[in-house]
Amino acid sequence: MIRLAALFPEHLNLNGDQGNLEVLSKQLKWRGVPCEIVSVRTLADLEQRFDLIFIGHGSIAAWSAIEGEFQSMAPKLAELIRAGVPGLSIST
């Protein structure tokens, strides 16, 4: 099972980024690879096993709304990436 972490999908979806993650999930499933997208909104959510960490693009207002929680997650995100979990972050 491929597990895709979508950080703050309600906030970080300015350019339809979450739709692109859905397409990736569908492509994997069509090829017989089980896949799920997991919404990550808290530090505790990051304690799960993930195969990819996805951070979409968000407006200044969206980032302001999640800034505190994202900052609390930053050390854990860095730890996961150092441990080899790939990440994809969308920006302008």
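Predicted model: local features only at pLDDT ≥ 70, side-chain atom pairs only at ≥ 80, totals over all residues.

Student: What makes strand 1 a partner of both strand 2 and strand 3?

Tutor: The same test applies. Strand 1, residues 2-7, is joined to strand 2 over six bridges, and to strand 3 over four bridges. As examples, Ile2 has Cys35 as its bridge partner in strand 2, and Ala5 has Ile53 in strand 3.

Student: Why are strand 2 and strand 4 called edge strands?

Tutor: The open sheet has four strands in the order 2-1-3-4. Strand 2 (35-40) and strand 4 (87-89) each pair on one side only, and that is what the name expresses. Neighbouring strands of this sheet are turned by 20 degrees against each other on average, direction ignored.

Student: What makes strand 3, helix 2 and strand 4 a right-handed unit?

Tutor: With the strands pointing away from the viewer, a right-handed crossover runs clockwise from the first strand over the helix to the second. The β-α-β unit of strand 3, helix 2 and strand 4 is right-handed, so its path is clockwise in that view. Helix 2 (residues 60-82) lies across strand 1, strand 2 and strand 3 (52-55), at about 155 degrees to strand 3.

Student: Why is strand 3 said to be covered on both faces?

Tutor: Buried means under 20% relative accessible area. Leu52 and Phe54 on one side are buried, as are Ile53 and Ile55 on the other. All four therefore fall under 20%, and both faces are covered.

Student: Which residues have the most contacts inside the largest nonpolar core?

Tutor: They are Leu7, Val40, Leu46, Ile53 and Met73, in a core of 15 residues. Helix 2 gives the most to this core, with four residues. A second, separate core of six residues includes Ala6, Leu21, Cys35 and Leu52.

Student: How do you know that Met73 is in contact with Leu7?

Tutor: Contact means heavy atoms within 4.5 Å. Leaving aside neighbours within four places in sequence, the contacts of Met73 include Leu7, Val40 and Leu46, so each has heavy atoms within 4.5 Å of Met73.

Notes
Residues numbered from 1 in each chain as written. Heavy atoms only, no water. Pairing = 2+ DSSP bridges. Helix = DSSP H or I, 4+ residues; strand = E, 2+ residues; numbered from the N terminus. Axes fitted to C-alpha atoms, helices over the stretch in contact; angles between N-to-C directions. Core = buried A, V, L, I, M, F, W, Y, C linked by side-chain atoms within 4.5 Å. Buried < 20%, exposed > 50% of the residue type's maximum accessible area, 1.4 Å probe, protein only.
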